[in-house]
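The stops below are given in the order in which to select them.

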Amino acid sequence: MAAGVRKRARAGPPPRVAGLCEQWLRRAWQERRLLLLEPRYTLLVAACLCLAEVGITFWVIHRVAYTEIDWKAYMAEVEGVINGTYDYTQLRGDTGPLVYPAGFVYIFMGLYYVTGHGTDIRMAQHIFAVLYLATLLLVFLIYHQTCKVSTSLRLFLHVLCLYRVHSIFVLRLFNDPVAMALLFLSINLLLAQRWGWGCCCFSLAVSVKMNVLLFAPGLLFLLLTRFGLRGTLPKLGICAVLQVVLGLPFLLENPVGYLSRSFDLGRQFLFRWTVNWRFLPESLFLNRAFHLALLATHLTLLLLFVLCRWHRFHPNPSHPIISFESWEAPAPVPSAPALGLDHCIQIVSTLFTSNFIGICFSRSLHYQFYVWYFHTLPYLLWATPARWLTHLLRLLVLGLIELSWNTYPSTSCSSAALHVCHAVILLQLWLGPQPFPKSIPHSKKAH
């Protein structure tokens with residue numbers, strides 16, 4: 001009898017579990033359209049996508065041949081530091097001198113030891129596969145908090161990225177994905193109102209590769225509008241102190257050599273690798289006057305966005321952002337609610353636009369630089385919709401950008417197409433309605 005009771009007890013739960021599963025599946029099927037169209041389902045679809053990505057990435061690693069480009073050079077550069085060389089002018093790899101800040105050295109020094117002095121390529125690929133999945137999750141978290149881009153668009157973009165972005169992460173082992181993963185972590189911390197930690201992580205990303213500085217104008221604007229000049233200075237101090245601490249061993253050995261190599265804004269790029277300026281004569285591509293013209297255009301456009309677009313975020317748009325009043329500490333509020341949707345959109349839009357403007361006027365874009373803005377493209381196209389730019393045209397722009405980055409070697413047509421697509425996105429950002437709040441309340445819980 002006892003056995004019979006035990007048997008009935010064991011038989012009870014499975015029908016309930018099966019019923020719950022059946023109910024969940026039926027509801028998912030009924031709401032299948034919402035799963036693809038509603039931004040609030042981003043995290044659910046992201047979880048499923050990441051599970052699928054585990055298998056896809058594993059297949060890519062084991063079935064597609066690895067291509068050596070910079071990995072051996074990275075390992076040679078950090079090996080010099082391990083052997084006791086702290087003079088940046090003496091650190092070199094197969095592809096030239098070390099041109100990345102100290103954070104790069106420490107991170108890839110860890111990879112040097114984990115991968116058996118850089119010889120275990122398969123181990124390195126698996127580490128970068130984990131980094132790829134982590135980056136994907138961080139990006140989906142950003143999109144989820146802004147609720148601006150539907151899940152179906154993210155899935156469409158993910159299908160587009162199966163070749164190029166997987167290649168950059170797990171088949172080439174560049175340092176660009178490391179910097180961008182830290183950058184997306186920084187943005188998530190800013191969205192969580194952890195401004196101090198967000199600035200710290202931002203500075204860490206800069207210490208891996210200097211391209212993250214393209215986000216810096218947007219971050220500075222956000223700090224000034226949220227904290228005023230007095231509150232901004234400590235946050236900037238966090239960024240500066242971290243750079244000094246990381247670079248201290250090299251600064252003590254040869255400060256001029258470290259700063260000139262790791263933060264070399266005038267470094268010359270090779271014409272044969274350019275993706276965006278192939279239609280120009282090589283002499284013009286290498287001309288310093290052309291570089292200065294690009295820099296001037298970049299700064300001018302940033303200023304225009306600050307004054308005519310981003311300036312609308314200031315609590316009092318009729319006053320300049322930096323004024324005597326902005327020096328004073330912001331008045332505290334009685335309650336400190338979580339960061340609202342409008343403010344999440346403000347943070348993400350400002351940072352993504354700042355980076356995109358810099359990319360449009362870069363002196364050169366190499367193939368691995370695609371990850372600098374790849375994950376931001378759906379947001380830039382769909383977060384501020386313009387009536388003249390239909391969904392089909394937006395998809396066409398995304399497709400042409402992907403095609404341009406997958407054309408090797410680049411051609412005059414692929415480079416021109418890339419600039420046309422960038423111009424369309426810039427025009428859309430300028431003419432599209434601004435989805436931002438008119439004022440920004442200061443919060444006591446902004447760390």
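Select isoleucine 401 and show what surrounds it: leaving aside neighbours within four places in sequence, its contacts are Tyr370, Tyr373, Leu377, Leu418, Cys421 and Ile425, where contact means heavy atoms within 4.5 Å. This is a predicted model, in which local features need pLDDT of at least 70 and side-chain atom pairs count only at pLDDT 80 or more, while totals for chains, interfaces and linings use all residues. Residues are numbered from 1 along each chain as its sequence is written, and side-chain values use heavy atoms, with hydrogens and water left out.

Phe108 and Ile401 are the residues with the most contacts inside the largest nonpolar core, which has 107 residues. A nonpolar core is a set of buried Ala, Val, Leu, Ile, Met, Phe, Trp, Tyr and Cys residues joined through side-chain atoms within 4.5 Å; buried means under 20% relative accessible area, exposed over 50%, and partly exposed in between (1.4 Å probe, protein chains only). Another core, of seven residues, lies apart from the largest one and includes Phe271, Trp277, Leu280 and Phe290.

Zoom out to the whole chain. Of its 447 residues, 50% are buried. The secondary structure comes to 20 helices and two strands, taken as DSSP runs numbered from the N terminus (helices H or I, at least four residues; strands E, at least two).

Next, colour the ranges that the unreviewed UniProt entry annotates as "transmembrane region": 41-61, 98-115, 127-143, 212-229, 289-308 and 369-388. Such annotations may be inferred rather than shown by experiment. Residues 98-115 are 72% helix and 0% strand, with end C-alpha atoms 20 Å apart. Residues 127-143 are 100% helix and 0% strand, and their end C-alpha atoms lie 25 Å apart.

Move to helix α12 (residues 216-253) and helix α13 (residues 255-262), which pack at an angle of about 125° with axes 5 Å apart. Axes are lines fitted to C-alpha atoms, for helices over the stretch in contact, and angles run from 0 to 180 degrees between N-to-C directions. Show Gly247, Phe250, Leu251 and Glu253 of α12 with Pro255, Tyr258 and Leu259 of α13, which make the contact.

Finish at threonine 95, in the loop between β1 (92-93) and β2 (96-97). Is threonine 95 buried or exposed? Threonine 95 is exposed, at a relative accessible area of 54%. Not counting residues up to four places away in sequence, threonine 95 touches Ile69, Asp70 and Ala73. Threonine 95 and alanine 73 are 22 residues apart in sequence, and their C-alpha atoms are 6.1 Å apart.
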